[in-house]
Every structure is written in C-alpha cells, then in structure tokens.
Amino acid sequence: MKKKAWSVLLLTICMAVIVSACGGGGKNNQANGSEGNDTASGGEKVTVKLMHLWPEGVSAGQNKIVNQIIKEYQDENPNVTIKQEVLDNEQYKNKLKVLSASNELPDVGVTWAAGFMQPYVEGNLFTPLDDLLNGELKDKFVAGTTEAYAVNGKTYALPIEFNIAPIYYNKDLFEKNGLSVPTTYEEFKNVVTTLSAKGIAPIALGNKDRWTGSLWYMYLADRIAGQKTLADTISGSASFTDPGLVQAAQEVQWLVDNNAFIKGFNGQSNEEAKSEFLNEKAAMYLMGSWDIPNFTTNEEIPKEFRDKVGFFKFPTVDGGKGDINSWVGGPGVGLFVAENSKVKDEAKKFVEYFVTKWGEQSVTDAGVIPATKVDAENMDLPQLYKDLFAEMNQASSVTLFADVQMPAKAAETHLNMIQALFGKAVTPQEFAAEHDKALAK
Amino acid sequence: MDKVLSNKKMIALYVLPSLLLILTIVYIPIVLTGYYGLNEWNGIGSMKFIGLENYANLMKDGKFWDSAWHSLLLALFSGLSLIIYLMISMVLAARIKGANLFRKIYLIPMLLSSVAIAQLWLRIYNPSNGILNSVLQSIGVDNPPAWLAEPSLVLLALFIPILWQYAGFYILIYYAALKNIPTSLDEAARIDGATSWQIAWKIKFPLIMETVKVTIVLAVVGSLKYFDLIFVMTDGGPNGSSEVMASYMYHTAFRAYDFGYGSATAFFLLVICLVVTWVIRWLTRSKDTIQYS
Amino acid sequence: MTGNVELQTSVNSGGWRLLGRIGYSIMYIVLIIVAIFQLFPLVWLMFFSLKNNQEVFNLPPLSLPMHPRWENYSKVWNAGNIDVYFLNSLWITVVATVLTVVLGSLVTYAITRMKWKGSSFVLGLFMVAMMIPVHSTLIPLFSFFNKVGLTDHPLSLVLSYVAFNMPITIMILLGFYYALPREVEEAAIIDGCSVNRMFFRIVLPMTGSVVATTAIINMIYNWNEFIFVNTFISSDSYKTLTVGVQNFVGQYTTDWGAIGATLMISILPILIMFLFLSDRIVEGIAAGSVKG
C-alpha cells in the first residue's frame, strides 16, 4: 500500500515534468514554423502586435471587421503578420498599465481619449500620428473628434468611434400615460412625476458604474450654465461653484427626491438598469449611441419592444444658457502606436489602413458610429440610426464625457462625488468644493 | 535521532527550493511595493522619491481608515464564522449515515469562481426582482430595501456571500483534520461512557487545536486582503461604504494612476496583516504542543 | 471504499435511544437544509446558462426560460481555441498543484520535525508571503518575468501559482504535522531509516488526507485564476479556460448566458477531480493506519 502511494506520486511528478516539457517544446516549434512562412513569402518579415477589446463572443461584429481588415492587410502586404490579443474592458485597462510600467506596449493598441491617455503621452509611450492625419486621412474625420486625442498640439491616437448620448424612451409607455416628448425641463419634470405617480419607474439608471450618473449631471449643467461654462470647469479653468453648476447638482437631487430613478440605482450596474428599460419597467434611459443596435437590429430583443423605442434630446431649462442641440458624448476609443515599437512605420501604416477600412463597415456590420465621415443618407440603415446621424450633423457642440476629459485622479473624485450626490451623501455645495479641490491639484 | 534530523544538507534540500521560489516570486514584489510606496509614481513615467510622504498622507486619509475598518469587520466576522464551520465538520466527521455525500455537497460552492458567485448574489439582492426581496414581499414586508445601494446595509449584504463562499474551504480542512484523529481514541472514550458532545469538545477539539489556530490566521489574513466579490458586486460603493483595503489599493493604483500611493497602501496592508497575525499567535499560544498519549 | 464500511458501523451506544432519535432527526433536517443551500448555486448556474440577457435579468433566478438556449453552449464550444485553453488549464493546474503540495510538504516536514536554527524565521517568511494583495504584485512581477524572458511563457504561470499558493499550503499542512504522532518516526529512526525514506515512505502516506485537502484547494485556485493569465500571457496558445469568460464581456455589453455556459463547462473537470480527491481524504487514515 505504502509502496503504491509512493510510486503513484512519482509517476504524477514525472508526468507533470513531461507535460510541461511538451508545452515548452510546442512553443518553439510553432514559433519556428511561423518564422519559416514569413521568410518564404519574401520581403523583410515583420510582426505587428495589436491589442484590442472586441472579443469574438460578444463583439462579434467588431471582431469580424478587425479580422477581415487584418486578413486583407496581410494579403496586400505579405511580409506583415498582425498578431492580435483580445481582452475584456477592465482587464485591457489593467494590462495596458502593467505593460507601460515595463515599457512593453503592443505596437498598436486601443486607448481612450484625453485624461486616460495623458499619462501615457507624458511618459513618452505613444507616438504622434500627425503625419497620418495630414496625409491620406486628411479631412476624413468628423470635425472635433481627433482633438480629444491631442496633447500639446500633437495627436497621439486616431479615433474610430464617435458617440452622443440621447434619452431613449418607451413610446408605448408615454402614450399610455398621456405624455408627449418633453422639450423643456418643466415638461420633463412633469413626465417624471406623472410616471412616478402611476408606479412606473421614470428613468433606468445604473449608478454603480458612476459615469452613468455623470451623464445626467453633465446635461443639466450644460442646459443651465451653458456649454462653455461646463467645458471650462471640466478642463479646470473655472470653478464648480458657478451658481449654474450648483443648481444642476440641486436638480439632480430633486430628481432623486421625486423617485425619478429606479429603485436602488446606486447599487445597480448599467447592465442591470438597461434590462429594466428593455423590460418596460422603466420609461427612459439616457445612454450613448452605442446602444442603438439593441433598439434596432439586435435579434435577441423582441421586435415589439424595439419598435417602441424612440429618442429625444435633453430638454432645455427655462432661463438656462444651454441650447438643445448641444450634446454630451465624444469619441470612444482610438488607436495608438507605441513610441518604442520596433516596427513603428509598419504599425502606422496598419493604423492608417485600419481607420480607412473601419468607417463604413463598422456602421453596417457592427452598428458602431465611426469617427470618420460616412455617407449615412445612402446607406441601408434603420430609421433610428438615420435620425441620430441627422442630429449629429446639426449638433452645436459635443462636450466630452467628464470622466474621460479629466485627469485620472480628478476623474475618480468626480465619479465618486457623482455617486455621493445621487445618494445624497453630499450637498451640492460640497459636491462643487470637492471638484475644485481635485482639479486644482 | 537528533543527528539524523539536524543534517544540514537534508534541511537545505527540503527547504531551499521553495524558499528561493518564494523569495524571487513573492518577495521581489513585496520589496518593490515597499519601494514604490516611497515614490510619487503614476506607474508609467519616471519616479520621484518623496520619502515617507505617501505613508504620512495615508495616516490622515479618512477614506483609507474607513476601508481598513471595513476589512477588520470582515476579519472579525470570518473569525467568528469558523465556529459554525467547525460545528458542521464535527457533525460530518462523526461517522453518521450519508456524511460522505453531505460533505461533498457542502463543498460545491467553493468550486465556483468568484465571477459566478458574484452573479448569483447580485440576482439574489436585486431590489426589484431579486429572490430575497420577492420572499420578503410575499411575507408582507412592504418596501424591502435595495440591499447593495444602502450605505448602512451594504457591508452586511456583502459579508454573507463572502463567508458562504469560504464555508467549503474551512469545512474541508476541519473535516480532514478530524479524520486524521485515530479512531481508537474515539472508541475508547465511548466505552468509558463519554457523550458525543464530550468527545467532540474534550477529545477532538484539543487534538485539532493547531489546525484551528492556523485557520484563524488564514481567515483573518484572507479577510484583510479580501477583494473579489466586493469588487464585482459593489466596486466599493455606494459612496465608499463597502470599500476595503485591497479595493482601495486597486482604485488608487489602477484607476487614479497613483501607483506610489497604491503601493504604500498595499505595504501598509501587509504591515497590518503582520501585526494582527502576531497578536493572534500570541493570544492562541500554548506552552507545548498537544500530543497523543 | 474503506470509508463506506466505517459509515455503516453503529452509531449510538448509550441508553438515550429516543432522545437520540429526535436529536438525529433535527440534525438531519438541518444538514439537508444546508445541503440545499450549497447545491443551489450549481442548479442556478445551470438555469443561468440557458438564458439570454433579457431572461437572466428579468426571470426569477430559479426558473427555466420558455426556450432553453442550448445554443449558448454551442456558442461557447465553437468560439475558437476552447480546446487549447482547456488543455492549458488542465496541465498548468496539475503541474502547479503537484509541485506546491510536494514542495510544501517538504518544507513543513523540515520545519516541524527537523532541528535547525532559523526554522521559525523561515516559517515567518512563508507566512508574510501570503499578506500581499495580488494587484500590487502585477507590475513588479511582470517586469521580473520580462527581464528573465518568461513573459508569454506558461512557466511564468506555474511559478506564480506555486509561489503564491505555497504559504497557504504550508499553513494548512502545519496544523496537521504538529498533531501527527511521532512514535512511528522515532521508531523508524532507531531502525536506521534515512530522512528521505522516512518522509516519502512514512510521513507522506500518513498525511494522505491533508495532502488531498491541500491538493483540492490548490486545484480550485489554479483552475479559476485569471489575473496572472491575462497579465503575463498574450498568445492564445498559452491562455487558459478563464479567458473563455472574457470572450463574452464586450466594450459596452456582456453576454451573460454564454458566460454561464462557459462557467458550467469549466466547472465539470474540477468537479470530477474534486469528487475523486475528496474520497482520498477518507482513505488517508486507512493508509496511515496509525494506532496510538
């Protein structure tokens, strides 16, 4: 018995060693194999590493386009191999930070704008892409989108998405309760109180994620204090104690007091809140244009529901300085090229190719609104898309999401303060003071 | 006998491989974390040495102390929950019918990854259609709370799944420890007319005392650096009322790009663990190890 | 096997028959209620894996949707590389677990049985090693592996798993070794047995139940680990099953049903290994067969 136990253990260890040896060996073979192919195809063999966040499983549309672009690019440039690594959002951000600390960024990667990318630019990790912007890609981008990726006059990433945030609403619920689309904030308040009185949650909000609540605050600030004041305070050049901004914070708390948001919104994720809207338990949902596929083409959601969804612009406030065509939104992610990439030229060429090809395809295949100009009029798109494109074209301004615009540390404070404001753990005055403190640093 | 057991070569052979591994893989990060803590560093650019400034700031950082308090509360609850796990293990190890099956079933939640457990409990706590509130409403509670959105309830609501998640872990250890007790002791005591309770308390418990001490340390240290479920279920919210030390460290280092301060937090967390462990070992010290006689 | 025979042995010896019966019934009722609680997550996960997002959020957790979505499973199964991930998970888990348990046993034996200065200091070193939060190790560890050329190499995972699970393994073993009777070993030494022979022939078999316990714990940890995998590994050919979950977490949406299916698939191997090893806990005493 004892002997047997001993030999079993020994056997396991041996097997373990063999298996691990095989694992290591496999790597070598594979590496040799691919290198062999490259040399065979002629030209100087180059591998460009691409890290992105569109997994095949859930972002099937984007993933398909990325793979198609890679395939076409490799066909056109037989000496180039694009090696991709896919991670989910949270893990992607973490890995980017860990890689940066060792200066080991992939040749091409995905980044968010402004505050998120600033440390990378200051740490000299991203390379300027102005030459691409002034070359073939000149005038291809929607006005104002590349600026979000500019630091000190140089552009460090090229945007591939562009979003604005409308208020989606359930037409059916509005009709049944005798409500029409509000154009002024007074009418909007009336919508809220009417729905609330009838036991329908007026607004789906998942404020565990915090940036979701930030959208509400930003719109109120924009409509009351005006776009310029809002933009100035976010950039740190004006104070959050501006009476208009404080009033915006008060209005947020008025909404909370009047049960405008779903129950337990501070503990629910955006995903959970969205389901309340999809489920027709909540009548309105303020969210980015990236959610349009869910209300148009997504077959998993019942067609009867999709047909009920419309959107409206955030209403104007009486006596406020904002106008109704001013939006909160901005470019989502963009592509960067690493400064210390050994194949920088190839990487830049690939980014140029990627951005050009991404444009139209991303609308039709993935429901993404690209940052490059597309001719939406002549495309076969659901009406909701066309309406939104039309709104984009007549937008008077688009204010970048505050948590994206602010430096990371201040953005954290902003997001935490948003949750506290909605949870009534701070007064509008404290809310303003904390912001000023964080942005002054 | 001492000669055989104090052979330096054998001791080195037994200890050094693991020790070297630990020193490279775990101690390099520990030492570097301590060092980063002395710098102003966003994790990307160059570091600026600022001495103990991060630690000084940490000492007056109310948010950090809140999170430390939450971690300590969790440690306390985890420690107390061991009593229940020990009782269940005693029952299971008492060679009752079906113990084998029960034991296997009890350990199942432990196999699930935190992702699954977090999703399960989010569905349980959901304020509008969660299991918990549905049950409460059906027994006449008018307006059951939104568990994860109430600053006063959220910690308690999180502790329950955390303790439940680890039940299997401790039951497994206790069960194995109890099974390691020679059956002859048990039988002898029964012949002498001892009741099950007496056997459990007077004979078995002292014999697994060393294991119990170890589990106390494991539970407390594990709680002090706990992260997983809290991160997924509330992300430290609302308004930081469920923030614990590890999540606070994560938020400062990875979200706010303050890697220096985050590292200082992590290093201080290690110091707290060390102190608490030392206190536990001191409180549970025994003059000599209990032996079978 | 041996365990079953023992289970059948008589339970009650005193004259408290009736009271005993009532006590037993209550005990069993409690045991069964607890069992239902513990089984619940597995059943829930099964139902979860057959829903789409709308059903996940809107239907009560313990209800089956009108049309069970078995396609979640085919979605998961057909998403590329699942076979590679599976094999990687399997061998990395097995190798790391075996290494941790064997190395940990050696250290514990040296600390509890051998006589040398500094044994308590070394034990302290191992204990401190479990007090560092995992996220603060990522940047230093990545740069270390990068310097020694081990990034994107499965060895970086094996080494990290062994090193980070070693302290907890040693701690658990420690409690058992302290309580282990020394008579057999003393007799063996008098008979002229070497340390190696004694450890591998006598001590290791005697600690079968705790070895199985620590093996189970290590296996579960290694199997479910994903932070190190994501950080150190970039090639698909070395990633593990936990990556499968990520495949369904998108930039703006998450496919919960598919995640449920992935979790369901990935729990099966560990469940089988667990059921197998779990019986070794009972066998341990039979193999040890120590009588005071």
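Tutor: Begin with the record: UniProt positions are given in the numbering used here, feature names are shortened, and annotations may be inferred rather than shown by experiment. This is a predicted model, in which local features need pLDDT of at least 70 and side-chain atom pairs count only at pLDDT 80 or more, while totals for chains, interfaces and linings use all residues. Residues are numbered from 1 along each chain as its sequence is written, chains are lettered from A and ligands numbered from 1 in the order in which they are written, and side-chain values use heavy atoms, with hydrogens and water left out.

Student: Where does UniProt place the feature "transmembrane region" in chain B?

Tutor: The unreviewed entry gives residues 12-38, 68-93, 105-124, 153-177, 212-233 and 259-280 of chain B. Helices (H or I, at least four residues) and strands (E, at least two) are DSSP runs, numbered from the N terminus. Residues 12-38 of chain B are 93% helix and 0% strand, with end C-alpha atoms 35 Å apart. For residues 68-93 of chain B the figures are 100% helix, 0% strand and 37 Å.

Student: How much area do chain B and chain C bury between them?

Tutor: The size of an interface is often given as the accessible area lost when the parts come together. Here buried area is the accessible area (1.4 Å probe) that two parts lose on being put together, summed over both. Chain B and chain C bury about 9,300 Å², 75% of it on carbon and sulfur atoms. Leu5(B), Tyr14(B) and Leu111(B) supply 9% of the area that chain B buries against chain C, more than any other three residues.

Student: How many residues are in contact across chain B and chain C?

Tutor: With contact meaning heavy atoms within 4.5 Å, 90 residues of chain B touch 103 residues of chain C. Salt bridges (a side-chain nitrogen of Lys or Arg within 4 Å of a carboxyl oxygen of Asp or Glu) number 0 between chain B and chain C. Helix 2 (residues 8-36) of chain B gives the largest share of the side of chain B that touches chain C, 19 residues.

Student: Which strands form the open sheet in chain A?

Tutor: Strands of a sheet pair through backbone hydrogen bonds, either parallel or antiparallel. Two strands pair if DSSP finds at least two bridges between them. The open sheet has 3 strands in the order 7-12-14 (chain A), with mixed pairing. Strand 7 (163-164) and strand 14 (397-400) of chain A stand at the edges, each with a single partner strand, so one side of each has no neighbour in the sheet.
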